[in-house]
Amino acid sequence: MSHGVTIAGTGSYLPEKILTNDELSKFVDTSDEWIVTRTGIKARRIAADDEHTSHLASKAAERALEQANIAAEDVELIIVATITPDTLTPATACYVQQQLGSHKAVAFDVSAACSGFLYAMKLAKNLIESGSFKNALIIGAEKLSSFVNWKDRTTCVLFGDGAGAAVLRAAEEGEGRILATDIGTDGKQTHLLNIPGGGSACPITIDNAGERLATLAMLGKEVFKHAVTRMKNSANTVIERAGLQAEDISIVIPHQANLRIIDAIASRLDVPNERVFVNLHKYGNTSAAAIAIALDEAHRTGEIKKGDKVVMVAFGAGLTWAAAAIEW
Ligand code: COA
């Protein structure tokens, strides 16, 4: 008899270098006061030049595998969610497979921006439930510092680097399980948040090299409005599918983009702020990594305990959104 799919381990890795708002203000026309008031972000991590997205991903994955007590060579599926791959091809997951020594694993990337980790979770869950794989390593990893325009103060203050991972496998009797998932996309809004250059639509050439087109561009106010509505709806979808009420939810882990967005969602879901996990003051927005890092921190600090009902909800470029409800 199937008992569903459980999260057997979590892990995260943040690069050592901390860039505070005050340090950032020395080379960008901004201030700690502006950034904190508008976003809640106080610092972000910056990966070293020779530290690629795959390296961040592998370090987070090693910690998750250790906790799950699964050997790297026994991993059957690796999905890396990222918008900042090491290379356009092959997939970052292929580098991770090699770095971990998970030579039997099928490995590919998912590109769903900040919703990517929860897209990967839904995929992995369904593939395990269908019997295709016994276990899966899902990773959200980003080196956004390589893709922000450090001359654009409206975006560069928001993002940071990092990685988080989770190991999924078939649940045994009495173990926690993923209760419900939801994913969605609105391709009419691709213009709101994108990296316009560096793809086939706009290759970087000697003529446009100075325009920094391979960096994140965003219409912040528009994104803000969509984020609140889409995340509220997606969270409500999984709460309903899981048969939960607001008061059953032990902790909400929202995408870590902006404290004002998080507060707006908490109030719309009727969940008090103390049951909403926040770490964006330390790391900024790490896109696909954000929820994965937050899940690991909440787990390792004991904020998530056995039996707890956890709701994760994300939103990002695409536009994409996703949510998951878990019984821990
Ligand atoms: N430092 C100082 N001033 C800044 C600044 C910065 N880093 N960035 C922008 N400003 C200035 C602007 O130039 C503008 O000045 P003006 O009024 O003289 O023209 C003023 O601050 C207000 O800018 P605006 O863009 O209207 O601010 P905002 O209140 O919309 O906040 C965001 C900007 C980006 C914080 C906000 O729109 C946001 O959080 N959006 C969602 C972004 C997001 O989370 N994206 C990821 C989703 S996955």
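S287 is placed in the loop between helix α9 (280-283) and helix α10 (289-300), where helices (H or I, at least four residues) and strands (E, at least two) are DSSP runs numbered from the N terminus. Although S287 is not a glycine, it has a positive phi of about 50°, and at 2% relative accessibility it counts as buried, a term that means under 20% relative accessible area, with exposed meaning over 50% and partly exposed in between (1.4 Å probe, protein chains only). The model is predicted, so that local features need pLDDT of at least 70 and side-chain atom pairs count only at pLDDT 80 or more, while totals for chains, interfaces and linings use all residues. Residues are numbered from 1 along each chain as its sequence is written, and side-chain values use heavy atoms, with hydrogens and water left out.

A positive phi, of about 60°, is also found at N69, which is not a glycine. N69 lies in the loop between α3 (53-68) and β4, and at 70% relative accessibility it counts as exposed.

Two cis peptide bonds were identified in loops. The bond from T89 to P90 is cis, with omega near 0°, and P90 is found in the loop between β4 (77-81) and α4 (92-100). The bond from G318 to L319 is likewise cis, with omega near -5°, and L319 lies in the loop between β12 and β13 (320-327). L319 and T190 are 129 residues apart in sequence, yet their C-alpha atoms are 6.2 Å apart in space. T190 itself is in the loop between β8 (177-185) and β9 (193-194) and, at 44% relative accessibility, counts as partly exposed.

In a regular strand the side chains alternate between the two faces of the sheet. In strand β11 (residues 251-254), I251 and I253 point one way and V252 and P254 the other way, and all are buried. Strand β11 pairs in the parallel sense with β12 (residues 309-316) over four bridges, where pairing requires that DSSP finds at least two bridges between two strands. Within this pair, P254 stands opposite V313 in β12.

Taken as a whole, the protein has ten helices and 13 strands. Its radius of gyration is 19 Å, close to the 20 Å that the globule rule gives for 328 residues, so the protein is as compact as a globular protein of that length; the radius is taken over C-alpha atoms, and the rule is 2.2 Å times the number of residues to the power 0.38. Of the 328 residues, 55% count as buried.
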